[in-house]
Amino acid sequence: MKEWEESSLYTGLSGYTKDELKEIAKTLSMTGYTKFKKEDLIPYLAKNILTEYMLGSYFMNAYNREIKFFENCMEKVISQNEKEQALAGYFLEAGYLFIGEGNEYIVPTEVKELYQKVNTEGFQKARKRHQLLVGYCFAAVNLYAVVSVKKVVEIFNEQNTAKTHIEELLLALEKIAERSDLVVLDPEKMELYNNYLYNSKGISVLKEKQGDKPYYIPPREVFLKYADEDYITPTRENVILESYIMKNLGMEEIEARELCGEISFMLRVGCSMQYIVNLLKGRGINFTDQLTGGIDLLMKLSNTTRVWANRGFTAKEMVSRVKTVQKEQGEKILPFSEKGKIYPNEPCPCGSGKKYKQCCGKKENGQ
C-alpha cells in the first residue's frame with residue numbers, strides 16, 4: 001500500500017469519490033472491483049492502469065489529435081479550457097490524466113514512464129494502421145450511410161499499398177465500438193450503417209433509393225476527410241449561402257457557418273427542401289419572406305451537396321447519369337438549370353430517372 005501512496009497516480013486517484021473510481025474501472029473494462037472499499041480500490045486501479053497491456057490497448061484506440069494533446073501535456077503545462085476539454089476527456093475517464101489544483105492537466109510520473117516504454121516504433125506503426133482502418137470505416141458511413149464490409153475493404157485496397165482483408169477490418173470495428181457508436185455493423189449481412197439510420201425501415205428505404213448507383217470514391221486524401229462526421233465539402237455554394245445569411249439575418253460568421261452545416265447535413269441525409277424550409281421557419285428563419293432569393297441559394301446548395309441517396313454523388317453530378325438512362329429509354333432530355341432551379345419537366349436530380357414533378361417535386365409539394 002505504501003508504495004502506491006507515494007506515487008503521483010495514487011494522489012490523483014485519491015481525489016476521486018468511490019463512485020468515480022468505479023467509473024474508471026468500468027471504462028477500462030476491469031472486473032472484481034464492485035465490492036472494494038475506496039482505500040482498496042485505489043491501489044487495485046493503479047496496478048491495472050500501469051500495465052503495458054492496459055495502456056497499450058487503451059491508447060491504441062485514441063484519435064491522433066488526442067495523442068498529440070496527451071504528449072503535449074507530458075511536455076508542458078496546459079490549462080483546462082473548453083477547447084481542450086474534448087481532447088482531455090478520453091484520458092481523464094481512464095485515470096491517465098488528472099486536473100490539478102490550478103486547473104492544469106497533469107500526467108502522473110508513472111504514466112509518463114510507462115507510455116514512453118510502450119510507445120515504440122512498432123506500437124506507433126500498429127496504431128497508425130488501426131487509425132487508418134477506422135478512418136475508412138467512418139468515411140464510408142458518412143459518405144454512403146450504408147455500405148458492405150467488402151466494399152470498404154475494396155476501397156481501402158485500391159488506395160493503399162499495404163492491403164487489408166475482412167478479418168482485419170472486423171477487428172478494427174470491434175475496437176471502434178468501444179468508444180463510438182457512429183458505425184453499426186450488421187454481422188449477418190456484413191454491412192456497415194451510419195447510426196443516424198436508427199431503424200431497419202430507414203435502412204431499407206435508403207437502399208431502395210440508392211439502387212445500383214455507383215459509389216463516389218474520391219482520392220485517398222479527400223476520402224479520409226469524410227471520417228470527420230462534421231466535415232462539409234467546401235463548395236462555392238456553401239460560401240455564398242453563408243455570406244448571404246450573415247448579411248441578411250445579421251448572424252456572426254460562426255453562427256452562420258453552423259447553420260449552413262446543419263442545412264448541408266439535412267440535405268445529405270435526404271430531407272426535402274420543403275421540410276428544411278418549414279423547420280427553419282419554425283425557428284424564426286423565413287427563407288421566403290426574410291431572404292429574397294434565399295430559396296434559389298438553398299436549391300443551388302442542394303444540387304452540390306453529397307447525399308446518401310446518391311452514394312456520395314451530388315445531384316448535379318448525377319444528372320449526366322440520368323441523361324444516359326433517358327437516352328436509352330428514348331425520352332426527351334430537357335436542360336438542367338445551372339441557376340439551381342429545377343423545372344417540373346427536368347430530370348429529377350436524385351438520379352431516379354423520373355421527371356422532377358413525378359419524383360421529389362411531388363413529395364415537396366405534399367402530393
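Which residue forms a salt bridge with E66? I started my notebook with that one, keeping in mind that this is a predicted model.

**Entry 1: E66.** I found R179 as the partner, with the closest N and O atoms 2.7 Å apart. I then looked up where the two sit: E66 is in helix α6 (residues 64–75), and R179 is in the loop between α11 (166–176) and β4 (183–186). E66 counts as buried because its relative accessibility is 4%, under the 20% cut-off. R179, at 25%, counts as partly exposed.

**Entry 2: R283 and E262.** I saw these side chains meet in a salt bridge, 2.6 Å from N to O. R283 lies in the loop between α16 (273–282) and α17 (294–303), while E262 belongs to helix α15 (residues 253–269), 21 residues apart. I noted R283 as partly exposed, with a relative accessible area of 44%. E262 is partly exposed as well, at 31%.

**Entry 3: E317 and R306.** Here I read 2.8 Å, N to O, for the salt bridge. E317 is in helix α18 (residues 315–329) and R306 in the loop between α17 and α18, 11 residues apart. What is the relative accessibility of R306? I got 13%, so R306 counts as buried. E317 is partly exposed at 32%.

**Entry 4: the wider search.** I looked through the whole structure and it gave 10 salt bridges. I also noted a network of salt bridges that links E242, E253 and R257.

Notes:
Residues are numbered from 1 along each chain as its sequence is written. This is a predicted model: local features need pLDDT of at least 70, side-chain atom pairs count only at pLDDT 80 or more; totals for chains, interfaces and linings use all residues. Side-chain values use heavy atoms; hydrogens and water are left out. A salt bridge is a side-chain nitrogen of Lys or Arg within 4 Å of a carboxyl oxygen of Asp or Glu. Helices (H or I, at least four residues) and strands (E, at least two) are DSSP runs, numbered from the N terminus. Buried means under 20% relative accessible area, exposed over 50%, partly exposed in between (1.4 Å probe, protein chains only).
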